[in-house]
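Here are some notes for a colleague who is coming to this structure for the first time.

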Amino acid sequence: MAQREGDPTRRDFLKAAAALAAGHRFGPSDDLTVVTVRGPVKADSLGPTLPHEHVLVDFIGAERIRPGRYDRAEVFRIVLPYLREVRALGCRTLCECTPAFLGRDVQLLLQLSRASGIHLVTNTGLYGAANDRYVPGYARHESAEELAERWIREFTHGIEGTSVRPGFIKIGVDPGHLSPIDRKLVVAAVRTHRATGLTIAAHTGNGTAALEQMEILSSHGVAASAWIWVHAQNEPDLAIHEQVARAGGWVELDGLSDRSVDRYVKLLEHMRSKGLLHRVLVSHDAGWYHVGEPGGGRFRPYTTLYRKLLPELRRRGWTDEDVHQLTVANPAEAFAVRPRLKTRS
Ligand SMILES: [Zn+2]
């Protein structure tokens, strides 16, 4: 951003962001909300929630992406039946995790949410995984503070000239030790969290990248509960799942498909047996309309959780409370907007 530290516009803006963060909406227990594309809803009215799915993705890359690469009316027509299908199975809220420069389209999400009756939640942030292919040029030279300012502005003013606000921060980092750009995105996300109370969902390659992110949160005074380890199922060392959950972070197992039900049952039962079910999220990372493929390519439905996983868990003795914890209470707590600052121990 062109604005500088001493710029009065910037000072006013930062003051407004701070006031917003201090507002009643972020009170410790009452009136917590989740920000959907149609506006804030009370966190305790979200209902069964899929925390990580996609409606549309365009993998063309940040350099070449532009509006008009697909027909929005066609995408609407193709995606709507899938949202209606999962709503009929009980789902009430779906977090759409496609970031800017990968096909985030808030107008489309708004239309689909209205037509399907499902709450859709969109995001701010940037995706630094895939070797920075989806990182726009400005993000390479701007500071973490400047990037955070862009993201905070989307929360305070709306996304791309609309009144749609992000309900979480989506970032992505590559596997292994964090690269300088990935580190900058994490710091920008942490700063955005402090100003807005939005939860950080971080596409994360593996446990090393997860633990380094947790350190950054901690060194900026932000609690691990503000952070979701996206794609935690890709880390085979379950001790790291436990470590992150014990520290208060969210362990998101989000690649569920008809072929992986048994594996997800094992991962979930492991966490439950350790008393860590209250830190776990589960989703499909499914969908989506593939921009550039005829008819949007092969669309994976959002239904395995309802059709296969939950019935199997119930057969294994999971109670209504366990299922409610996993599919309703955990997402509501994870996405409820409020700053989560570290308490001194
Ligand atoms: Zn995803």
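1. Rings of Phe, Tyr and Trp, the last by its six-membered ring, are paired if their centres lie within 6.5 Å, and a pair whose planes are over 60 degrees apart counts as edge-to-face. In this predicted model, the structure holds 7 aromatic pairs.

2. Phe 59 belongs to the loop between S4 and H2 and Trp 288 to the loop between S12 and S13, so the pair ties together parts that are 229 residues apart in sequence. Phe 59 is partly exposed, at 41% relative accessibility, whereas Trp 288 is buried, at 14%.

3. Phe 299 and Tyr 302 make another edge-to-face pair, with 5.7 Å from centre to centre and 85° between the planes. Phe 299 is buried, with a relative accessible area of 8%, and Tyr 302 is buried at 0%.

4. Ring pairs also join Phe 59, Tyr 127, Tyr 134 and Trp 288 into a cluster. Charged side chains meet rings as well: Arg 150 lies over the face of Tyr 138, 3.6 Å from the ring centre, and the charged end of Arg 279 sits over the ring of Trp 250, at 4.0 Å from its centre.

5. Helix H3 spans residues 106-116, and its buried residues include Val 106, Leu 109 and Leu 112; the buried residues of H3 pack against S4, H2, S5 and S6.

Key: Residues numbered from 1 in each chain as written. Predicted model: local features only at pLDDT ≥ 70, side-chain atom pairs only at ≥ 80, totals over all residues. Heavy atoms only, no water. Buried < 20%, exposed > 50% of the residue type's maximum accessible area, 1.4 Å probe, protein only. Helix = DSSP H or I, 4+ residues; strand = E, 2+ residues; numbered from the N terminus. Contact = heavy atoms within 4.5 Å. Phe/Tyr/Trp six-rings, centres within 6.5 Å; stacked < 30°, edge-to-face > 60°. Lys NZ or Arg CZ within 6 Å of the ring centre and 35° of its normal.
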